[in-house]
Amino acid sequence: MSVSKPVRLALLGCGTVGSEVVRLLHDQADDLTARIGAPLELAGIAVRRLGRERGDLPVDPSLFTTDALGLVKRDDVDVVIEVVGGIEPARGWLVEALRAGKSVVTANKALLAEDGAALHDAAAEGNADLYYEASVAGAIPLLRPLRESLHGDRVTRVTGIVNGTTNFILSSMDATGAGFSEALDEATELGYAEADPTADVEGFDAAAKAAILASLAFHSRVTAADVFREGMTGVTAGDMASAKEMGCTIKLLCIAERGPDETGQESVSVRVHPAMIPRSHPLASVGDAFNAVFVEADAAGQLMFYGRGAGGMPTASAVLGDIVAAARNRLSGTRAPSESNYAHLPIRPIGAAMTRYHISLDVAERPGVLAAVAGVFAQHEVSIATVRQSGRAEDAKLVIVTHGAPDANLAATVEDLSGLDIVRSIASVLRVEGGA
């Protein structure tokens, strides 16, 4: 077999993921050469600090540099791999590479969700490849199926668990009955949660991934700012117990769907929030720190993608898959599929999204309570599916699950309930996905 000249790689970042990329390039060098038809060679590795201890990393120390932009601009670089993260300076590096016609492989979900348009426009300008499989769900092959395999179908809905930290916490709460704080402490001790878990537990990480998924699924540019986001720090052990009584569990979901708005115009709704889902739903059984994404399409029906959504080695696997694809394209003189944003669908606000609520009320124990509460629901045209009353005196509670209604109607109902003198407090409000 004839072998072409090496494909030269510039690696930006050599942390948890970057180090594993280096190891995979070294350990699988012969197989990669056979698959691509040319060897892969590291032209350089950009890092913040040159003196940092990097263990037994199988790489020539002379390849390290602190001049990332200089490395990107080198004429002998064919593919730029970015695993640094953040918006700047990563955006500047990648735009420079793409405009110069160099292929880019990135895992930078924050940049893609905030300003993916800049990268796609630069790729079009430079006639260059832009790959980002690792940006959403680690090792799970998800974006390429949306980008290519389902390109002939009409995707209508994407529902996913795309953050391993929050899924570990909620799975632990479900299994043990622990509260949020105890489950978070466990996740931190086991290394699933960062010292500052805000991006995970407040839904910022999932919202960025939801924007990327919606953009691909619905052929429209969606940014993180378009995503309704609600964190899961308010989920309690009581909420989880109530979910169990309903035959449900609670997950932090990203939900992207297309459909008509109130005027009949086709539009897109994208949201991230905790929700009760029936235990019969395929996502309900996704435990530990695993990720899973459930895709619904007109012709293909229902599809589910499952696996490890984070971690150095799983993420590096997805990065390396993109490197192989980019290298093959360069050798054959072809390009990856370009951005598909022809639909230009508008974003539907959360208030117009159809959902259901689970509402737990602390109420006074006296005649007429149920009638007064039901009257508020009727005023906002929200139909009640089930009502459960428990406790006496100071422990009296009403737990209500609604039928589907616009989120704005449901939110207005909750607001008015809080103003009733018979409602001492609203203990919790959770959305419910699935069911009638």
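In what order do the strands of the open sheet run, and is the pairing parallel or antiparallel? This is a predicted model, in which local features need pLDDT of at least 70 and side-chain atom pairs count only at pLDDT 80 or more, while totals for chains, interfaces and linings use all residues. Residues are numbered from 1 along each chain as its sequence is written, and side-chain values use heavy atoms, with hydrogens and water left out.

To the sheet, then: 6 strands make it up, in the order β3-β2-β1-β4-β5-β6, and the pairing is parallel; strands here are DSSP runs of E of at least two residues, helices are runs of H or I of at least four, both numbered from the N terminus, and two strands pair if DSSP finds at least two bridges between them. At the edges, each pairing on one side only, are β3 (64–65) and β6 (130–131). Strand β2 (residues 40–46) is joined to β3 by 2 bridges, and alanine 46 has threonine 65 as its bridge partner in β3.

Now the largest pocket, which holds about 1300 Å³ of space; a pocket is an open set of points on a 1 Å grid over the protein atoms alone where a 1.4 Å probe fits, with protein on both sides within 12 Å along at least five of seven lines, and lining residues have an atom within 4 Å of a point. The volume is the space filled by probe spheres set on the points, which are joined across faces, edges and corners. Of its 47 lining residues, Lys109, Asp200, Asp205, Lys209 and Ala310 are the closest to the centre. Helix α11 gives the largest share of the lining, 5 residues.
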